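Please keep the sequence and the 3D view at hand while reading.

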Amino acid sequence: MTGTRRTVAALFLLPALLLLGALVVYPIGYSLVRSFFDQSGSSFVGIDNYRELFTDKSILTAIKNNTIWVVVAPAVATALGLIFAVLTERVRWGTAFKLVVFMPMAISMLAAGIIFRLVYEQDPDRGFANAVWVGVHDTFAESSAFPKAHPGAESPLKAAGGGAFITKEPVRAGEPVVLPLVGVAPDQLPDSAKPAKAAAAEPGKVTGTTWQDFTRGKGVGERNGVDASELGYPGMKIEAVKDGKVVDSTRAAADGTFTLSSKADGAQLRLPASNFREPYNGVDWLGPSLVTPAVIGSYIWMWAGFAMVLIAAGLAGVPRELLEAARVDGASEWQVFRRITVPLLAPVLAVVLVTLMINVLKIFDLVFIIPPGSSQDEANVLALQLYRSAFSDDQPGIASAIAVFLLLLVVPVMLFNIRRLRREVRR
Amino acid sequence: MSTPSGAAHDGVPKAAPSAEALKAQRSLGARIADVLSGGFVRVFLIVVGLFWLVPTIGLLLSSLRTPADMGSSGWWKVLSQPSQITFDSYQRLLENDTITGSLLNTILITVPATLLVVVIGSLAGYAFAWMEFPGRDWWFLLVVGLLVVPVQVALLPIAQLFGNIGIFGSIIGVILFHVGFGLPFAVFLLRNFFAEIPRELLEAARLDGAGELRLFVRVVMPLGGPAIASLGIFQFLWVWNDMLVALIFADAGNQPITVALQTQVRQFGNNIDVLAPGAFISMVIPLAVFFAFQKQFVSGVMAGAVK
C-alpha cells in the first residue's frame, strides 16, 4: 500500500466523515454535555434535568404515551402485515391489494395527518370514522326519533323519571286514550308521519293516539285533542305498566294510533325513555381520552404496508413443499400458519418489530398535526416535548436530557446492528 | 406425499399425483371449508383494501368541494351530487404565492439533498468496499452505528451551530442537515452493494492503469446503478416528505410545502380549502415516484429496515 493510495482513500472519505462528524456525532456529544447544565448553560446541575424528566407532569405524559406507542403500534402493524402477507397469497389480485396498503408509506406524515383530521372529524355528517361508527351503532341499537318531545300544559302525561313519560290515570279498554306531546321541531319529525287520527274505540282493547299536539301558527289548537293538521308520532313505543311490570307494548302507526290487548286494561301507559334519547353522535376520537389511540390508528394506516412487504418477502423464502406436506398430512390452515409459517418467519418479524419500534420512538409529525389544540397535551410524546422544550419553552438543558434519553433507548439496536455487521465485514 | 394411482377415489380421474389429485383426495368437508374460507378471505381483503383507500379518496374529494359544502356535509355527498365538484380551491391555491413558493422550496431542498447524498455516499461506500486504509472496518462500523441516531438529538445543537456560522434559516442549512442524516444509510447500503462487484472487474481496470477516480466513475457507479437508484428514491421521498427538519431550520421564505401547510392546521375547519388541495398536491410527486419506481423503493425499504 502506497502513501498516495491512502491519500486517495482519505479524499474519498473526507466529505462523508466531515458531514457525519459535524452533523451527527458532534450533536451527540453536545447534547450529552448540555444535559448536565442549567437553562442558561452556565452552571453545572448534575442530573437535575434528568430528574425533571420523571417529575414534570407534561414530560411524564409524554413518556407514558411513548410507552403506549412503542408497545401497541409496532405490534399491531406487524400483526396486520403478517395477516395481509399470508392472505394476499391466496387471491389473484394480491399485488393490487399490496400496492393499496403500501401506498401510504410514500406520502408525508403531514399529508397523512390532514387525511386523518378529516377522517376523525367529530360530526357524523362530516367525519368518515363517525359516519361508519354511528351507522353500525344505529343498526344494532334503537335510535330514537323524538329526542325533544315532552308533555305540554294540562297533559294527561307526567314524567316517570329517566326521561320516560307515563299517564297520570290508568286506562280502560274501550275508551280511546290520548297521549299528546309537544316540542319536536317540524323538520325533525320522521318523514313517514301522517296527519294524526283520533283512535276508534274497540271493545276489550285499549286504543289511542300519540301525536304532536301543536298546530303551527295556531298554538295547540284544541288542547289534548287531535286537530286536522297535526301529525302522528310513527313508531313511538308505548308500554302498558301494571304494578311496575310491563304487561303489553306496541308501536304507534304512521297516524299515531295504536292498539293494545285487553291485558292493558287498568294499566298506566308509559312512553319509555328510548323514544326520547338524543341521537347517538359517535365517538369523540380526538378528545382527550382517545386521541393517542386515534393517532396510532393513522400510524398503522401508514406503516402496516411496510410490515406487509417485508414479511411477504420473507414468506417467499418459505419452502412451499413444507406447507403442502403439512396440509396433506391433514393440518388445518390455522395449524399450518401457527406451527410452520410463523416460526419460519420469526427472524423477519423481529426485524420488522424492532424497526417499527425505533421509528415510533421518534414519532413527531402525526402527533403535531392530528390532535386539535384542546387535546394536544394529552397526546404529547417525547419528540414533541423535546421540540417544545428546545424551541418554545427555551429549556435547552431539559431538551438535551430528552435527546440523550431517546438516544439511550436506541443504543441496544445500535449495538445489535454493529455486531451483526461485524460478522459480515470480517468474512 | 405420493399418491398411488390405483387409490384414486370414486369419480376422480386417474392422473399423475399432481396438486389437483392431492386436493381431490381430501374430504368433501375440507373442500367446502376451503371454498368458504376462500370467499371469506376475498371479502376480508376487499373490506381492508377499501378501508385503506377511503381516507385518501376522502382527501381528494374534499379538495374538490367548496368550503361551504365541506362545512355542511361529508365528502361522500359528492358521490350522489357530482355537480358539487369544483376546481376552485386548486385555482386559488395556485394563485397563492406562499404555497407556490413553498412548492418551489421543496424542490430546491429535495433535489440537491438527494444528489449530494448519492455522490458523497457513493464515494465513501466505494472507499469502504475496495480501498485499503488503516481502521477501515472500524470506521465503517461507526457509520453503521449512526444509522439509528434519532434526528431529534441533533435539532438543538445544529440549530446553534448553524446560527453561529450564519446559515440558520437558509435552504442550505436544511439541505446540509438532510445530507448529514441521510449519509449513514447511504454509506451502509452502497458499501454493501459495491462489495459484491467482482474483484476481477476492478483489477482489470486497475491493470489498465485507471486511477481510483476513473474506476469509480467508469466502473463502480454504472455497476452500482440499482443500489444508487434505491438510495436516490428513498432519500428523495424522505426529504420531500420531511416536516420537522424544515420546521426548525427554514425561515418563513424558505419553508417547504409541508411546513407551509402545517401553519394552517391550527384552524383546520377554516383552512380546509387550502389544506386539502395543498396536501394532495404535495402527495402527487411522491406518489408518482412511488408508482414509477416501486421495485427500487421496495428494495430500498428492505435494505433500510434498520433505519
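In this predicted model, the largest nonpolar core has 198 residues. Trp69(A), Tyr299(A) and Phe249(B) are the residues with the most contacts inside that core. Helix H7 of chain A, residues 291–316, supplies the largest share of the core, with 18 residues. Another core, of 23 residues, lies apart from it and includes Ala240(A), Phe258(A), Leu260(A) and Leu269(A).

**Tyr299(A)**
- Beyond its neighbours within four places in sequence, Tyr299(A) is in contact with Trp69(A), Ala73(A), Met109(A) and Leu356(A), among others.
- The contacts of Tyr299(A) also include Asn359(A), Val360(A), Ile363(A) and Leu366(A).

**Trp301(A)**
- Trp301(A) is found in helix H7 of chain A.
- Trp301(A) has a relative accessible area of 4%, which is under 20%, so this residue counts as buried.
- Leaving aside neighbours within four places in sequence, Trp301(A) is in contact with residues of chain A, including Pro104(A), Ile107(A) and Phe116(A), and with Phe51(B), Trp52(B), Pro55(B) and Thr56(B) of chain B.
- Val101(A), another contact of Trp301(A), is 200 residues away in sequence, yet the two C-alpha atoms are 7.8 Å apart in space.

**Domains of chain A**
- Chain A is divided into domain 1, made of residues 28–117 and 286–425, and domain 2, made of residues 157–275.
- The centres of these two domains, taken over C-alpha atoms, are separated by 58 Å.

**An annotated span in chain B**
- An unreviewed UniProt entry lists residues 103–293 of chain B as "domain: ABC transmembrane type-1".
- This span is 76% helix and 0% strand, and its end C-alpha atoms lie 22 Å apart.

Definitions and conventions: Residues are numbered from 1 along each chain as its sequence is written. Chains are lettered from A and ligands numbered from 1 in the order in which they are written. This is a predicted model: local features need pLDDT of at least 70, side-chain atom pairs count only at pLDDT 80 or more; totals for chains, interfaces and linings use all residues. Side-chain values use heavy atoms; hydrogens and water are left out. UniProt positions are given in the numbering used here, feature names are shortened, and annotations may be inferred rather than shown by experiment. Helices (H or I, at least four residues) and strands (E, at least two) are DSSP runs, numbered from the N terminus. A nonpolar core is a set of buried Ala, Val, Leu, Ile, Met, Phe, Trp, Tyr and Cys residues joined through side-chain atoms within 4.5 Å. Buried means under 20% relative accessible area, exposed over 50%, partly exposed in between (1.4 Å probe, protein chains only). Contact means heavy atoms within 4.5 Å. Domain bounds come from an automatic or database domain assignment.
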